[in-house]
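Hi,

Here's the model we talked about, with the sequence alongside.

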Amino acid sequence: MDSSAGSTRREATRQKLYEAAVTLIAEQGFSATTVDEIAERAGVAKGTVYYNFASKSVLFEELLRHGVGLLTASLKEASEEAGRSGGSKVDALDAMIRAGLVFINRYPAFTQLYVAELWRTNRAWQSTLLVVRQQAVAVVEDVLRAGVESGELSEEIDIPLTAAALVGMVLVAALDWQAFQPERSLDDVHAALSRLLQGRVSGTRA
């Protein structure tokens, strides 16, 4: 059997399991979701779940790695594309904000789970969650650090805290958008966050 074809099929199966798990867990919670339900939603046998993941907890942990990995890659690509286009570091940050919104709009159930899990402290995958969170935040930190070093951004910036604040701003604003202001377009939300990033929210009055 062609090993590459087998690998491709297995990755496709794992992707179906990720999608099934994230949807079910978002609907009814981790504890209430069973492996049988995940298998049924994914359209595979229960044994297929255990062939790919040792347990439901391992599946969820890998789901977190997979989802945040996709987010991190999209943020990095947006930053690099802004650089290739000759943009500033603020342009790179703005591009990353949009990329984050696009990701959340595409994967709303995963984003809801991710944000919810950030506030829990008793999960087996807590250490994994902290690691993957830092991977995403580190991409933003790199751009901020480069901006400070080039003189484009103030040396007074607290890089780790500012990076975390930017990521958090996108996550919370996007979830609020989807839950309470769904009539707004992605462009509307991006424009509002872009103004915050660029300090264009104050009035012109003395």
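Arg84 counts as exposed, because its relative accessibility is 53% and the cut-off for exposed is over 50%. Keep in mind that this is a predicted model. The side chain of Arg84 meets that of Glu81 in a salt bridge, 2.8 Å from N to O. Both residues sit in helix H4, three residues apart, or about one turn of the helix. Glu81 is partly exposed, at 38% relative accessible area.

Asp187 and Arg98 form a salt bridge, with their closest N and O atoms 2.7 Å apart. Asp187 is in helix H9 (residues 186-197) and Arg98 in helix H5, so 89 residues separate the two, and the pair links distant parts of the chain. Both partners are partly exposed: Asp187 has 47% relative accessibility, and Arg98 has a relative accessible area of 31%. Back on the Arg84 side, salt bridges with shared partners join Glu77, Glu81 and Arg84 into one network.

Arg65 is partly exposed at 39% relative accessibility, and so is Glu62 at 25%. Over the whole structure, the search finds seven salt bridges.

H4, H5, H7 (126-150) and H8 (159-180) each supply at least two lining residues, with the largest share, five, coming from H5. By class, 12 are nonpolar, one is polar and none is charged.

The largest pocket holds about 190 Å³ of space. Val167 turns up in its lining as well, along with residues including Tyr114, Trp119 and Arg133. H8 gives the most to this lining, with five residues, while H6 (108-118) and H7 each supply at least two. The classes here are nine nonpolar, one polar and one charged.

The second largest pocket has a volume of about 160 Å³, and its lining splits into four nonpolar, four polar and four charged residues. Among them are Lys76, Glu80, Lys89 and Asp142. H4, H5 and H7 each put at least two residues into this lining.

Cheers

Conventions. Residues are numbered from 1 along each chain as its sequence is written. This is a predicted model: local features need pLDDT of at least 70, side-chain atom pairs count only at pLDDT 80 or more; totals for chains, interfaces and linings use all residues. Side-chain values use heavy atoms; hydrogens and water are left out. Helices (H or I, at least four residues) and strands (E, at least two) are DSSP runs, numbered from the N terminus. Ala, Val, Leu, Ile, Met, Phe, Trp, Tyr, Cys and Pro count as nonpolar, Asp, Glu, Lys and Arg as charged, and the others, Gly among them, as polar. On a 1 Å grid over the protein atoms alone, a cavity is a set of points where a 1.4 Å probe fits but cannot get out, and a pocket is an open set with protein on both sides within 12 Å along at least five of seven lines; lining residues have an atom within 4 Å of a point. Grid points are joined across faces, edges and corners, and a volume is the space filled by probe spheres set on the points. A salt bridge is a side-chain nitrogen of Lys or Arg within 4 Å of a carboxyl oxygen of Asp or Glu. Buried means under 20% relative accessible area, exposed over 50%, partly exposed in between (1.4 Å probe, protein chains only).
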